[in-house]
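Thank you all for coming.

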Amino acid sequence: MKRWLAAAVLSLGLVGLAQAAIDTYEFATDAERARFRELTKELRCPKCQNQDIADSNAPIAADLRKEIFRMLGEGKDNQQIIDFMVDRYGDFVRYKPALTGKTALLWFGPAGLLLGGVLIIAVIVRRRRVERSDSPNTLSVDERQRLDQLLEKDRE
């Protein structure tokens, strides 16, 4: 009996969580609905940090979805809505931040590190090749005689 009661309580709790993530908005056109989806997929949840606001269950994400819906109703375009969110939460709220002086390292840093690594490997390989060509691979006359003597001893 206790197990059934515990299962019932757990299932009721999970039903409440499943319904919390559903937002219902009435859009005038399908184009407006598509814009809403695009904007909510493009903006990052400030609390979750690795989810867009469309997929996040955080209360702030729900507030941001409501704000986007309100601004769409006011007739604002996508860039105005994004600018509002960036002004309020900073460049972090965008998954693809604009290319500015502040974000140049973010855009070009990985390519710079990769290029730097390739250059370092090229320099190391080149130095090793030069070192090999500088060092003699042949034995001197004395070394050959000594080697021949050692080989003769092994044959006996």
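I will begin with how the model should be read, and then turn to the chain, its helix pairs and its loops.

This is a predicted model, in which local features need pLDDT of at least 70 and side-chain atom pairs count only at pLDDT 80 or more, while totals for chains, interfaces and linings use all residues. Residues are numbered from 1 along each chain as its sequence is written, and side-chain values use heavy atoms, with hydrogens and water left out.

The protein chain has six helices and zero strands, where helices (H or I, at least four residues) and strands (E, at least two) are DSSP runs numbered from the N terminus. Of the 156 residues in the protein chain, 20% are buried; buried means under 20% relative accessible area, exposed means over 50%, and partly exposed is in between, with a 1.4 Å probe and protein chains only. The protein chain exposes about 12,600 Å², with 59% of that supplied by carbon and sulfur atoms, and these areas come from the Shrake-Rupley method with a 1.4 Å probe. If we take the contacts in the protein chain with a separation of 6 or more, 46% of them are accounted for by residues 24 or more positions apart, contact meaning heavy atoms within 4.5 Å.

Now to the helix pairs. Two packed helices are described by the angle between their axes and the distance between the axes. Here the axes are lines fitted to C-alpha atoms, for helices over the stretch in contact, and the angles run from 0 to 180 degrees between N-to-C directions.

Helix 2 (residues 30-42) packs against helix 3 (residues 59-73) at an angle of about 140 degrees, with the axes 10 Å apart. That angle makes helix 2 oblique to helix 3, since angles under 35 degrees count as roughly parallel, over 145 as roughly antiparallel, 65 to 115 as roughly perpendicular and the rest as oblique. On the helix 2 side, Glu32, Arg35, Phe36, Leu39 and Thr40 meet Arg65, Ile68, Phe69 and Leu72 of helix 3. By class, this contact of helix 2 with helix 3 has five nonpolar, one polar and three charged residues; Ala, Val, Leu, Ile, Met, Phe, Trp, Tyr, Cys and Pro count as nonpolar, Asp, Glu, Lys and Arg as charged, and the others, Gly among them, as polar.

How does helix 2 lie against helix 4, and at what angle do they pack? The angle is about 30 degrees, with the axes 11 Å apart, and helix 2 and helix 4 are therefore roughly parallel to each other. The contact is made by Arg35, Glu38, Leu39 and Glu42 of helix 2 with Asn78, Ile81 and Ile82 of helix 4.

Helix 3 and helix 4 pack at about 145 degrees, with their axes 10 Å apart. Ile60, Leu64, Glu67, Ile68, Met71 and Leu72 of helix 3 meet Gln80, Ile81, Phe84, Met85 and Tyr89 of helix 4, and by class that contact has nine nonpolar, one polar and one charged residues.

Finally, the two loop residues. Arginine 94 lies in the loop between helix 4 (78-89) and helix 5 (104-134) and is buried, with a relative accessible area of 14%. Leaving aside neighbours within four places in sequence, arginine 94 is in contact with Glu42, Leu43, Arg44, Ile82 and Val86. Aspartate 55, in the loop between helix 2 and helix 3, is partly exposed, with a relative accessible area of 44%.
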